[in-house]
Amino acid sequence: MGTNSSYSHVDPAAPLPKVVRGDLSAPCAKRRWGRVGHWNLGGQKLDMLDVICQDLDILLVQEVARGQEGWSEFGRDEFHWITHRSSDQWRGVAVGIAIDKFDSTVKKIKTSRGIWVVGRICGIGRVILGSLHCHTGATNETYQAAVREFFSACPRKYRHLPLVCGVDANEVPRWKDSDAGRLEIDSCCSNLNTLLHESMHIGIFPVPPEPVFKNAWTHFPRDETRSGRQIDMVLHRQLHLKDLTFDADRRLALGTDHALLVSELLVAGGVSRTKWKNESRARWVTSDIQHSCIVDEDDLVQIARQHTRPRFSQSFRDDPETSAAIRQARDSNTREDWKRVQRMRREKRKCWQQARLSSILSGDWDAYRQLQSEKKRRRGWWGDMLEDRSAAQLAGEIEDHLRNKMTSSREPSCWDDRLEALIAECSPGVTFRPFELHEVVTELQQMKCRSAVGPDGIGVHLLRVLASHETLGGELLGLINFIVATQQLPPSWSKSFLALIAKEWKQPFILGKLDVAGAFDKINRERVAKFLITKLQNVDLPHELRYMLAQLRTHTVCGTAPGGTDISFRPDVGIKQGAPESAELFAMIVDSMLSDLTACEQWKRMGSPFRDVDLDLLQYQDDIFVLETDMSRLCRRIKIIDRCLERIGLRLATSKTKIVANEFYAGPRRVKINDDVFSIAPRGEALKVLGLSFSLSSDASEQAHEIISRVRAAAAFHSDILCAPGSWKAKVGMMRTLLESQFNWIGGSLHWGDSVSSHEGSPVEMHAVVAPPTVIEPCSFAPPPGEILCQQH
């Protein structure tokens, strides 16, 4: 993290100092960052603040409409919200940060009456944001105890950070004039003096209002016979906030009884937002391609820039009628007009949501993916990683970790020289049999259009369109054949983007899952090259072999770490991840090695663990499973596999190896071989095999229960889609897609024992119908004319 661009105030009434932090000169050091607001919502929801408070960048609020107890963090159209409601409070408090300024939430702290949030905000850095709703109608002892609890919870670990806090004090502050021309706080009542003493003790001072608002109200009782009071305050530390203004009229737009307090925030230099430099979103063709010819990669890159774009989320937007109603309400500023706006936006958003769900039922998968993205998105997920380190430290740790995994001690050029020697030893061949266009089209149809693009910006959808183009298809094919035949790889292929992703028998049975350390990142490139040469040198594919070997050259991996710091390195170990052939090539090498292992005499002499089943080793990609009935023999097998993996540059992470046993195993549960200790996990613990849990418990239907639970969870998760207006035929089809996808990959190989109840064993469609929460109410309406109910199978 860079330094925080802010000003430190010892005396809150003193004028802005001329000397500022950093190397910026005084004339260019001060600039407007944005606006900070504080508001008691009076029990209103947060939704309308997207319309009412679009001009604010930070919003500190109290008395949020009653929601779920505890913490909530979510995004709306304009703000990212962190809310909390204590169990003994009817309403909650919240902190909102404008979407374009929010980076991440580093830490959250709650008290009985308020919250502290340490967040990273673009253009400022780390800032502590607070929101406090003080007691009203309580004894002084109760009031002051809550205040002390709140300020004692302000994280001392971050006492060097700037801070801003909104407070509904429910006590009237007294302001006096100062020689500097600003107001300053005077002695107040006992409760407010306690609040100010506790805050100033940790360097937090009140922001004064502009002199014109010295005695202005911030609370307007709903009973118009009562007089209002000024009971709201904003506190700050190490931030230059201009004097507060009170926007009393804006309360009518929301329906609250409090004025909105607003201040301008000034900072020193810096950018206003973090820019993620590597644009890797999938791109689609958006216009007709008008291009004369395709000669080299530059032509493809130019076409991609001119004719492809990422797809943006089709989120809810106010239509012209609603926008006109909002303008009218702002002009009139009457409660009636604003209530009409709220009602109109609520109804139209509901209609939009129903229309989207209906379109999903009709087969709009883009709308479905957008909905799932909204449900699962966690904005600023990397905040937890920044709690105990700066962004620069985190980036350094990530880069060091990746360098240790993916680079060797030698210079990258050493491997490139060795690889060129291996390629030179391969026969160049006489003739090259070019690929046919239909082969290219077939391969492209098997690739996903939503795959991320690399530095060249060329996506799968563009290649599909070009391959089917009347004239450009042949030119694309010619470029592909030229690259493979000559091994003249495009320059952009030497650079990759880095994406960080905030992995029953009645006899003794032991199952061990082996963890391959590094896997794709650690496999020896020379062994990969020799494997390719051995398998392909005698099958008359010399050009294809030389092309595959050329993919093993060193390349640059660059990316952006959480927090915005760039990282870059050049791996010379492992297979290039993200390349279409990498996963298949890795699996073939490991499979070939393990097949040779199980065929050797040393392995066979250990015998088969099961009398009637010739099964002792399973492998899928980098997951290796060993089956045994004897613990010591299992450990010997593991050590043999480890030595075998060393031949291709891989090692087992023996400390991460997990072993489970069934109830019939009665042998030793802990074995030491050299310096490695292998232990059987406690009874009930499970390991994952292709995503399913295996604990080898007495219930042989363990996986069946898990699959059923997944189906029921999927039915609940997609209940909004399945309950949307639509035909029964569409709902049955959607159920088959969303629910059966939880189990159709098992190919029927699932033990369905007596422990599966008749209710659980009913057809999966019926789980969606009858299981709580109910997804489809079959008795609530009759099928439309011409449709019949799906028969139970």
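Modeller: A search of the whole structure turns up 10 aromatic pairs.

Biologist: What counts as a pair here?

Modeller: Rings of Phe, Tyr and Trp (its six-membered ring) pair if their centres lie within 6.5 Å; planes under 30 degrees apart are stacked, over 60 edge-to-face, the rest tilted. Take Trp-381 and Trp-382: their ring centres are 5.4 Å apart and the planes sit at 80°, so this pair is edge-to-face. This is a predicted model, where local features need pLDDT of at least 70, side-chain atom pairs count only at pLDDT 80 or more, and totals for chains, interfaces and linings use all residues. Residues are numbered from 1 along each chain as its sequence is written, and side-chain values use heavy atoms, leaving out hydrogens and water.

Biologist: Is Trp-382 buried or exposed?

Modeller: Buried means under 20% relative accessible area, exposed over 50%, partly exposed in between (1.4 Å probe, protein chains only). Trp-382 has 12% and counts as buried, while Trp-381, at 22%, is partly exposed.

Biologist: Which residues form an aromatic cluster?

Modeller: Trp-116, Phe-150 and Phe-151 make up one.

Biologist: And which charge lies over the face of Trp-90?

Modeller: A charge sits over a ring if NZ of Lys or CZ of Arg is within 6 Å of the ring centre and within 35 degrees of the ring normal. For Trp-90 that's Arg-66, at 4.0 Å from the ring centre. Likewise, Arg-311 lies over the face of Trp-284, at 4.2 Å from the ring centre.
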